[in-house]
There are 2 protein chains.
Amino acid sequence: MTGAARKPSKRDQTVSDGLATAIHEHRLTPGMKLNEDEVGEIFGVSRTIVRSALQSLSHERLVVIEPNRGAFVAQPSIREAREVFEARALLEPRTAHSAAIRTTPADMDLLKRHIDEEHAAIDAGETGRALRLSGSFHIEIARIADQATIATFIGQLVARSSLVIAMYWRRRNALCESHAHHALLDALAAHEADRAEELMTSHLVDLVSLLELTEPPDGPTSLKEALRTE
Amino acid sequence: MTGAARKPSKRDQTVSDGLATAIHEHRLTPGMKLNEDEVGEIFGVSRTIVRSALQSLSHERLVVIEPNRGAFVAQPSIREAREVFEARALLEPRTAHSAAIRTTPADMDLLKRHIDEEHAAIDAGETGRALRLSGSFHIEIARIADQATIATFIGQLVARSSLVIAMYWRRRNALCESHAHHALLDALAAHEADRAEELMTSHLVDLVSLLELTEPPDGPTSLKEALRTE
DNA sequence: TCGCTGATGATTGTATACAATTATTGCCAG
DNA sequence: CTGGCAATAATTGTATACAATCATCAGCGA
């Protein structure tokens, strides 16, 4: 349930969802090459479908397509990383505000279950899954705010954040942010919109502070990529 | 120069730019069917390219792809229309703020020339072109703000606004908004960030006020569309 | 006349074949 | 042994062919 959007005829969606999930869970890491034949064989579809899915992901900036060279998992620059979180800082707090006003008991149940899953994933050591769920939490809030357009943007930003985290999050001391999510949950439950807004703001600030956006990113995945002059 | 983004191998871009421009200029109106063979023949490319371009436009919500039925110019609902301008209200004022701080003389020249072109188009009665240029003005400001990520979002919103205007702008008494753009220009030139922010806010409010978002939209383009039960 | 059903035609969905481009490897001159 | 170059292989870009789905309409029966 990443994003309820257009419908490029189902099979494209399967492939791009599969790839997107793998990226969210850091199983596909920045810079990796996505060979069309290979991907096609994995999902049991032809290159036509794969190309369609890759273009879709490229539009969301999860993948970069270099003409005649192929598709690669995106490697957001430090600047891009900053921009992504600046955009989130612009969109998410107000969205949390709106969400706090509209949160229904059903929404609360969903969010609670979400956090539980997140904890379970952390306890089970499935950091990849935990990370993806952590992002979904933000998307869920955007959905509750009932602003589909903004929710779409936030969805894209969360997805890109996953790449940023993969590249710039050096200190991997477990996702300590679950506390922040809990606090947000409380504010939403109490319909305290202003508090929710503030909590979201500081939560995002915290996230950025956990990144190391002053140094160049990790070395590339493969030697080839390392020695490319681009 | 609508958007400097990914590069799906040049030819897709040509087609999708062509279609997008036509939509911006209201030569393609909401609900129109975009037949793949037809479009392909017009641009001299195969359906492969056309489909790629259509998917791209569908991702930006300018086009809606209905599985097994084809691609149509999007018909934003009243709700979508509101959301688009709410999102703009969230993004553009702060962007104008940033832009005011960073505007260079070169930027000013560009914006001035832009406004001149806009006026020329209005005087020449080319309302379509005027409308497109009016949108580009906003995009230009986002570019000046030097936030590529947010600029991309604004670009999409401006594009969708064009559809909203096509559907909901009943009173077509010339684009009187050029005054607002002039005022913005002045604020940018003077680096008065706060004023630029306020001007942008009120400009967007004005724009929305010119729309009629209380009634259902215009009748469909063709009888077929009219009688569809969707 | 109205409504249903089945055949026909048009359009989209997918796979595959071929062309163009890029990457790799082996070879030879220096 | 090194560096450049040419041949080969691998991969992407595009067009086309075929399959699947949907729209249209004629024909039939009520």
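# Questions on a predicted two-chain model

Visitor: At 16% relative accessibility, does His26(A) count as buried or exposed?
Guide: The model is a predicted one. The cut-off for burial is under 20% relative accessible area. His26(A) has 16% relative accessibility, so the residue counts as buried.

Visitor: Where in chain A is His26(A) found?
Guide: His26(A) has a positive phi of about 60° although it is not a glycine. Most residues other than glycine have a negative phi. The place of His26(A) in chain A is the loop between helix H1 (11–24) and strand S1 (33–34).

Visitor: What is the phi of His26(B) near?
Guide: His26(B) lies in the loop between helix H1 (11–24) and strand S1 (33–34) of chain B. At 17% relative accessibility, this residue counts as buried. His26(B) is a residue other than glycine with a positive phi, near 60°.

Visitor: How many helices and strands has chain A?
Guide: Read from the N terminus on, the elements of chain A are α-β-α-α-β-β-α-α-α-α-α-α-α. The count for chain A is ten helices and three strands.

Visitor: Of the contacts in chain A with a separation of 6 or more, what percentage do residues 24 or more positions apart account for?
Guide: Chain A has 230 residues, and 50% of them are buried. Its accessible surface comes to about 11,200 Å², with 52% belonging to carbon and sulfur atoms. Among contacts in chain A with a separation of 6 or more, the share from residues 24 or more positions apart is 74%.

Visitor: What area do chain B and chain A bury between them?
Guide: At the interface, 32 residues of chain B are in contact with 32 residues of chain A. Of the area buried between chain B and chain A, 53% is on carbon and sulfur atoms. The buried area is about 3,000 Å².

Visitor: Which residue of chain A forms a salt bridge with Arg79(B)?
Guide: The interface of chain B and chain A holds two salt bridges. In the one formed by Arg79(B), the closest N and O atoms are 3.0 Å apart. The partner of Arg79(B) is Asp146(A).

Visitor: Which helices of chain B each supply at least two residues of the side that touches chain A?
Guide: Ten residue pairs are in polar contact across the interface of chain B and chain A. On the side of chain B that touches chain A, at least two residues each come from helix H3 (47–59), helix H4 (78–102) and helix H7 (148–168).

Visitor: Which residues does Ser52(A) touch, not counting those up to four places away in sequence?
Guide: Ser52(A) is placed in helix H3 (residues 47–59) of chain A. Its relative accessibility is 8%, so Ser52(A) counts as buried. Not counting residues up to four places away in sequence, Ser52(A) touches Asp12(A) and Gln55(B).

Visitor: How many residues apart in sequence are the parts that Glu36(A) and Arg51(A) tie together?
Guide: Glu36(A) and Arg51(A) form a salt bridge, with 2.9 Å between the closest N and O atoms. Glu36(A) lies in helix H2 (residues 36–43) of chain A and Arg51(A) in helix H3 of chain A, so the pair ties together parts whose separation in sequence is 15 residues.

Visitor: What N to O distance goes with the salt bridge of Glu140(A) and Arg143(A)?
Guide: Glu140(A) and Arg143(A) are three residues apart in helix H6 (residues 127–144) of chain A, so about one helical turn separates them. Glu140(A) counts as buried at 13% relative accessibility, whereas Arg143(A) is partly exposed at 41%. Their side chains meet in a salt bridge with an N to O distance of 2.5 Å.

Definitions and conventions: Residues numbered from 1 in each chain as written. Chains lettered and ligands numbered in written order. Predicted model: local features only at pLDDT ≥ 70, side-chain atom pairs only at ≥ 80, totals over all residues. Heavy atoms only, no water. Helix = DSSP H or I, 4+ residues; strand = E, 2+ residues; numbered from the N terminus. Buried < 20%, exposed > 50% of the residue type's maximum accessible area, 1.4 Å probe, protein only. Contact = heavy atoms within 4.5 Å. Areas by Shrake-Rupley, 256 points an atom, 1.4 Å probe, with all protein chains shown as cover. Buried area = accessible area lost by both parts, 1.4 Å probe. Salt bridge = Lys/Arg side-chain N within 4 Å of Asp/Glu carboxyl O. Polar contact = N/O pair within 3.5 Å; in protein donor to acceptor, adjacent residues only side chain to side chain.
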